[in-house]
Amino acid sequence: MQSFLNWLDARTDYRQLLAPIRNRVLPAGPRWAYSTASCLLWLFIIQLVTGLLLMLSYSPSTTTAWASVHFIEQSAAGHFLRGVHHFASHALIILCGVHVVRVLLARAFQAPRELLWVTGLLLFPLMLLWAISGNPLSGGLKGVSQIEVEGHIIGSTPWVGPIIQRILIGGEEVGHLTLTHLYFLHVGLLPLLVIGLLLFHIGQVYRHGLSVAELGGPHDDVSHWSAPNLTNLAAAHPLAMMPPRLKYFPHQTVRNMTVLTVVFGIVAAIAWQHGAPLDAPADPTLPHTPRPEWYFRSLFELRRYFTGDWEFVATIIIPAAVLGFFVLFPMLDRKCSPRVSAVLRVLVVLCGVGTWGGLTGMSYLRDWKDAEYIASSVEVDALSARARELADRSLLPPEGAITLLRDDPKTQGPLLFARHCASCHSHVDASGRGLVASEPSAPNLHGFGTAEWISGTLDPQRIASAHYFGKTKFAEGDMVSKVKELFDGIEEVEAVKMRDDLKLVAQALSTEAALPRAAAAGHDAQAPIVAGRELLSGRLSCTDCHRFHDKGELGSAPDLTGYGSREWLLGMIGNPQHERFYSGDRNDRMPAFAEDTEHPERNLLSRRELNLLVDWLRSDWYEPPMTSVPAKPRNPILAGN
Amino acid sequence: MRRRTLLKWVSGCLGALCASVVGIPGVSFVLQALRKSGSDVDRVRRVARLKDLPIGKPVAVPIVGAREDAWTVHPDEVLGRVWLVKRPSDAKDGAEPTAQVAAFSATCPHLGCAVQHDAKENRFLCPCHRAIFGLDGERVVAKKGSQKNPSPRAMDLLDCRLVTDKTTQEVWVEVTFQKFEQGLTKKVLKA
């Protein structure tokens, strides 16, 4: 081995190239505090490695982004790598902040280290930009709506704003080009810029060594430093005379690696445990309340105080002024005596961290108290879980992940019901949960077609209640009087018998609906159904008014053939005035939602929407097989975006 | 001119020429994003039947059309939503019947989130930064002394008229769907 290295060195001179690193000396000895720099560098390298690996399977476009990320999540390794990439980005930002504070407190920005200070400060916003260019790449609801809002923030900056916005978004609206542009920034331009600045930054560290202040030496006036001193600070400094002088490697290195192991250990543990979040595929038609990442919460809060044309003060001017202040801080500091400088620097750190923390805290507190926001977050979490559930079921169609929730009755049903039905109909279960009509004037449709629902229409107490036909004109109709008649003047024994008979009828009718849940629950035993059918067309003479298969006539009451089935509901909602349902003036205010077959675009509901609504009413949607481990409830606010 | 100066000058020019051969198409490629997309906006659409609209309670209708996204076209996409507000018809006699319905773009003029209806207060609310608008689309300040309204302008009013269908004789609401720049005090059509 040694001979190979000698051979290599003879040809490449690598030992001399590495000499500055191998022979680096820390005049004041190794310190734990120095580790922030090295930890940042290693996290950066971890980001490069995990990012490169994720590129193997990631595909940026609105049709493929979410699908490819979900594909990555399918493998344990992909899940872990993406988790590390996600959480390490947060760790990088935190450490960047810690590093800047440390350098500020150590007064390590003094001449000749100004460029070190400036490049470090520039790396911080670049790092943030890098992070926010990565968040939307998953094609998820939160990331995409974040970039939309961020685009508008840039766009509302005077003069150049709209142009930068267009270039960032890749056009007028978020689409394929937004993702390719962000991808270009995230894996192309920003890494090049960051690597360039970082190399310069590290080069400066080696050129200037550690600062006088960091060495713990006297705070001399720096103006007497001459050029040779600058290149070899250690030699010029009194401490340099003090033996023993420990080399950076391995005395500082072991501290660096310990800190890195702790930080990366935390990152890896969270990544292993939780993985990076993947919310529902972005879809502008889904309700959503976007919030920025935690590191932008302070600006989000600040923006509340600058409205209208002044908004760019909060979004551009103040952040730029803060950055400018820090860049120019060494000039201010130079004018101060060491004691004043120390007080000033502590004050700057306290004010900075205090203001940032205060604004951030206020923003979270506001959301914490905002019931609507919490409800919206819970809803988005539910949508996200549903999207993953559906995507786990089978591979995705070529149109991409957006179809998952768009074609899902469980997701679209409540939205369609709320938009089109809930002004009259409620859809609430026995415990009162669900969609409540704004002015209930029609039956509650929860469980429509089930034996339980139907038995309510055959119960003299319930049929005329607000839950059924109480608020319609049928409250005074033939059906209500007929059901009441059944129990008129009969003995208690007969009433019990009658109730049993009606139960059979309800059961027989509910099999007409062929509800998938009922079939799964085994509610289709044959004997009672046959008995119920016979009662229906026989003794109870329902077929005097209703048609039921080959008995009875259409025209005076709704058809009971296939009652509550998919086809029946499609017809009923499409056009309730059809002779199968409530023809002529028997219909009570129910609009026809899809009567015009020649001009489907004129209907209130498209064919697709109607299908989704009907499937939802019939609880006909995919449910994954029960898993033994229940999903952990996530805190909607702390879970982040 | 000295030979040395000329050589420096020539190499500089040749370098600049080569750089511009990449640079000019490079810049124009980046600026492609500024071109207008061919999405199906600015078209008049029938959005609702007048009789289906409740009075004084806003109804959101989707605007469906073809949306072009770089290399794909989505033929039936929801391009945006429009809030329709039907006013009580006790307007002065002789008033235009179109004045009965107002159509507002559901895109918040602040930063483009979807404006929602706050059923409790019967007004519009943008959940992103809590911009509040009345049913007339004008900005509302929630409480005296409380937070200012973040929106720079009122909700964007869209062109809207009533038409009678020739075959069914039903009255329909027609809306011209347009998009406006966000974050400006003036209503500027998206270029």
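Trainee: How many aromatic pairs does the structure hold over all chains?

Mentor: There are 22 of them, counted over all chains. Keep in mind that we're looking at a predicted model.

Trainee: Take A:Trp294 and A:Trp356. What makes them an aromatic pair, and why is the pair called edge-to-face?

Mentor: Their ring centres are 6.3 Å apart, and the cut-off is within 6.5 Å, so they pair. The planes stand at 85° to each other; anything over 60 degrees counts as edge-to-face, so that's the label.

Trainee: Where do the two residues of that pair sit in the chain?

Mentor: In distant parts, 62 residues apart. A:Trp294 is in the loop between α13 and α14 of chain A, while A:Trp356 belongs to helix α16, residues 338–369.

Trainee: Why is A:Trp294 called partly exposed?

Mentor: Its relative accessible area is 23%. Buried would need under 20% and exposed over 50%, so A:Trp294 falls in between. A:Trp356, at 38%, is partly exposed by that reasoning too.

Trainee: And A:Gln146, why is that one called buried?

Mentor: A:Gln146 has a relative accessibility of 6%, and under 20% means buried. You'll find A:Gln146 in helix α7 of chain A. A:Pro136 is ten residues from A:Gln146 in sequence, with 7.4 Å between the C-alpha atoms.

Trainee: Now chain B. What makes β4 and β9 paired strands?

Mentor: They share two bridges, in the antiparallel sense, and at least two are needed, so they pair. In one of the bridges, B:Ala103 is partnered by B:Leu158 of β9.

Trainee: Which strands make up the open sheet, and in what order?

Mentor: Six strands of chain B, running β1-β10-β9-β4-β3-β2, with antiparallel pairing.

Trainee: Why do β1 and β2 count as edges?

Mentor: Each has a single partner strand, so one side of β1 (44–49) and one side of β2 (59–69) have no neighbour in the sheet. On average, neighbouring strands of this sheet are turned by 35° against each other, direction ignored.

Key. Residues numbered from 1 in each chain as written. Chains lettered and ligands numbered in written order. Predicted model: local features only at pLDDT ≥ 70, side-chain atom pairs only at ≥ 80, totals over all residues. Heavy atoms only, no water. Helix = DSSP H or I, 4+ residues; strand = E, 2+ residues; numbered from the N terminus. Axes fitted to C-alpha atoms, helices over the stretch in contact; angles between N-to-C directions. Phe/Tyr/Trp six-rings, centres within 6.5 Å; stacked < 30°, edge-to-face > 60°. Buried < 20%, exposed > 50% of the residue type's maximum accessible area, 1.4 Å probe, protein only.
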